[in-house]
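The entries below follow the order in which I looked.

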Amino acid sequence: MRQTRVNALIVRPTVLPNGWLLKLIICWLTTLPAAAADLYIYLTPSGERVVTNRPVTLPGYVLEHSGLNARHAGQRLRDPDGLRGRAEIEQHINTAASQYQLDANLIRAVIRQESNFQVNARSHKGAMGLMQLMPATAAQYRVRNITDPRENIHAGAAHLKYLMQRYRDLDLALAAYNAGETAVARYQGIPPYPETEQYVAAVKRWYREYQ
């Protein structure tokens, strides 16, 4: 059986000062052959970014970009947040926070972990948009365009508010946002899934950093 080699590069933020790590990464990418036009960038559950030459289906990995050549992958890495209309996104975050009486920094933390502020992010499970709404959840909140920043943020915030009110506990609300209410009920707490455990810890870490 022929084996397919998958090259991966993990990008850890602020590992070296003065952008040295980023320069090394860009140099590595520019050495790839021009034919390597199918590079993928994923956001991992721990907040690192991974560049691969094959699709990744690991739990918790969020696809940020696909079909990139080395030059375009380097450009994406130079813009680590991959922001599109960040001012607009911030406006929707603040509006949703006010409407649903949530801390805006909590919404930011969820978005940071779910999609890294990628408007068109899509997970291997089919979750989409800034707050990675599943189609059923989007339908529940009457979302017409799941990748529209305003609709996605407001629906995600409404769902997060519902979970906060149901569980009265941030950890359980985040676990339910990630793994679903059925899983939380089954285990009477945070499900013992590595993805969910890492997700709760990561969102809380981003939340602390934003405060």
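**Helix packing**

Axes here are lines fitted to C-alpha atoms, for helices over the stretch in contact, and angles run from 0 to 180 degrees between N-to-C directions. I list the contact (heavy atoms within 4.5 Å) as Glu90, Ile93, Asn94, Ala96 and Ala97 of helix 3 with Ala104, Ile107, Arg108 and Ile111 of helix 4. By class, these residues are six nonpolar, one polar and two charged. Nonpolar covers Ala, Val, Leu, Ile, Met, Phe, Trp, Tyr, Cys and Pro; charged covers Asp, Glu, Lys and Arg; the others, Gly among them, are polar.

The model is predicted: local features need pLDDT of at least 70, side-chain atom pairs count only at pLDDT 80 or more, and totals for chains, interfaces and linings use all residues. Residues are numbered from 1 along each chain as its sequence is written, and side-chain values use heavy atoms, with hydrogens and water left out.

Next I took helix 4 (residues 104–114) against helix 9 (residues 194–210), and found an angle of about 130° and axes 8 Å apart. This makes helix 4 oblique to helix 9. On the helix 4 side the contact includes Leu106, Val110 and Glu114, and on the helix 9 side it includes Tyr199, Trp206 and Tyr210. I noted nine nonpolar, two polar and three charged residues in this contact.

**Backbone in two loops**

Where is Arg168? I found Arg168 in the loop between helix 6 (149–167) and helix 7 (170–179). Its phi is near 55°, a positive value in a residue other than glycine. Arg168 counts as exposed, at 69% relative accessibility (exposed is over 50% relative accessible area, buried under 20%, partly exposed in between, with a 1.4 Å probe and protein chains only).

Gln188 also went into the notebook, with a positive phi of about 55° although it is not a glycine. Gln188 sits in the loop between helix 8 (181–187) and helix 9, and is exposed at a relative accessible area of 71%.

**Whole chain**

I counted nine helices and five strands (DSSP runs numbered from the N terminus, H or I of at least four residues for helices, E of at least two for strands). Buried residues make up 48% of the 211 residues.

Notes:
Angles under 35 degrees count as roughly parallel, over 145 as roughly antiparallel, 65 to 115 as roughly perpendicular and the rest as oblique.
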